[in-house]
Amino acid sequence: MEVLKWLFWQVGGLGPMAGQIGHFNVYAPERVPYAIERYTKETNRLYGVLDRRLADRPYIAGNDYTIADIAAYPWIVPHAGHGQDLNDFPNLQRWFEGVGARPATQRAYAGVERAYSRRREDISDDERNVLLGQTASSTAR
């Protein structure tokens, strides 16, 4: 039950909010200060929830590595692009480093550019339209 609870927490909270700050910090064609502040704060709050959860256990759902950890980890990888400093979240940082040290995690991220590592000013209009401009009718083929 704990695994599902925390998986749903990630799916309904951490992923969407971290995705929004990543979008507004990196991909939005213009800076939107309200959105950046809003999603930075909400992501910070969610990092705090996870930090408190990890205070007395090695993994999100307890003593075992589960899908809850696998689902949450990618949303912590771009923490700098989210405007977050893992030094502010020592339990989260410990967990993040531990999951990142796992051989399967290292294989999965080998050679992958860090998401949200920099503001993407170099995206062409065509790339931006593919990444951000599709609608239901434009993707139906």
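In this predicted model, W95 counts as buried because its relative accessibility is 2%, where buried means under 20% relative accessible area, exposed over 50% and partly exposed in between (1.4 Å probe, protein chains only). Local features were taken at pLDDT of at least 70 and side-chain atom pairs at pLDDT 80 or more, whereas totals for chains, interfaces and linings use all residues. Residues are numbered from 1 along each chain as its sequence is written, and side-chain values use heavy atoms, with hydrogens and water left out.

W95 is placed in helix α4, helices being DSSP runs of H or I with at least four residues, numbered from the N terminus. Leaving aside residues up to four places away in sequence, W95 touches L54, P58, Y59, I60, D69, A72, Y73 and I76, contact being defined as heavy atoms within 4.5 Å.

Helix α3 (residues 67-76) packs against helix α4 (residues 90-100) at an angle of about 105°, with the axes 11 Å apart; axes are lines fitted to C-alpha atoms over the stretch in contact, and angles run from 0 to 180 degrees between N-to-C directions. The helices α3 and α4 are therefore roughly perpendicular to each other, a term that covers 65 to 115 degrees. In this contact, D69, A72, Y73 and I76 of α3 meet L92, W95, F96, V99 and G100 of α4.

Y73, W95, F96 and Y109 form one aromatic cluster, and the structure holds seven aromatic pairs, in which ring centres of Phe, Tyr and Trp (its six-membered ring) lie within 6.5 Å.

How values were computed: Helix = DSSP H or I, 4+ residues; strand = E, 2+ residues; numbered from the N terminus. Parallel < 35°, antiparallel > 145°, perpendicular 65-115°, else oblique. Phe/Tyr/Trp six-rings, centres within 6.5 Å; stacked < 30°, edge-to-face > 60°.
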